[in-house]
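Hi,

Here is the structure I promised to send over.

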Amino acid sequence: MKLAFSPVSPFARKVRIAAIELGLIDKIEFVPATAVPGQPNDEYSRINPVKRLPALILDNGDVILDSYVIVEYLDELAGGGKLIPASGALKWRVKSDHSLLQGMLDSMLLCRYEKIARPEPLRWQAWADDHWNRAWSGMARFEKQTEMLSRPSLDIAQIALTCVLGYADLRFADCGWRKAYPKLDAFHEKMLTRPSVKVSLPPSA
Ligand SMILES: N[C@@H](CCC(=O)N[C@@H](CS)C(=O)NCC(=O)O)C(=O)O
């Protein structure tokens, strides 16, 4: 199978970490692709009409879309219930945490696009500030929610939080999240001891 990805995409990083943790990394060929708002990409549109990365292309040509669904697919290939608990209260906690983190990443991406893709006279600062505040408030939520930070077995929400913090370092290097959120800093340091997390650090901006 092939993963259409960008090396700086936090969503693609989530899939890469999951694939390593699930022992499936050697089964995936990583194919670089680009998706930038405002720029057409007819070739990639044929794979994903909404032009979002990553996409997993199976050997039979089927396309699995959205980083969460890709991780869910890989998790099932690896036997199921590994990074996404199969049932019970923990399943819903992990999925819900992941949804929040996904929203935070979406907001961070929108802030980034506002800066790099929208022509300067059309920029809307209050809108960008609102999106940044959503991501920042999400971090505050996880700083308080220590149960999530110390769950004993690795899950998709912990991987997604690692990708949020890595993306903050990459694109919002001066935001000061380590100082504001010391528990997240400790969590991130602990995650960095995993080879999957270290090897997938984004190339610097
Ligand atoms: N919900 C999607 C979000 C993916 C996403 O937004 N990816 C970004 C790259 S990091 C993208 O493709 N952006 C291009 C665009 O929005 O035009 C997922 O989890 O895979």
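Between them, domain 1 and domain 2 bury about 1500 Å², with 71% of that on carbon and sulfur atoms; buried area here is the accessible area (1.4 Å probe) that two parts lose on being put together, summed over both. Keep in mind that this is a predicted model, where local features need pLDDT of at least 70 and side-chain atom pairs count only at pLDDT 80 or more, while totals for chains, interfaces and linings use all residues. Residues are numbered from 1 along each chain as its sequence is written, and side-chain values use heavy atoms, with hydrogens and water left out.

Domain 1 covers 2–77 and domain 2 covers 88–195, with bounds from an automatic or database domain assignment. Their centres, taken over C-alpha atoms, are 20 Å apart. In terms of contacts (heavy atoms within 4.5 Å), 14 residues of domain 1 meet 19 residues of domain 2.

The rule gives one salt bridge across this interface, meaning a side-chain nitrogen of Lys or Arg within 4 Å of a carboxyl oxygen of Asp or Glu. E21 pairs with R194 in a salt bridge, and their closest N and O atoms are 3.1 Å apart.

On the side of domain 1 that touches domain 2, α1 (10–21) and α3 (67–77) are the elements giving two or more residues; helices are DSSP runs (H or I, at least four residues), numbered from the N terminus. The largest share, seven residues, comes from α1.

Cheers
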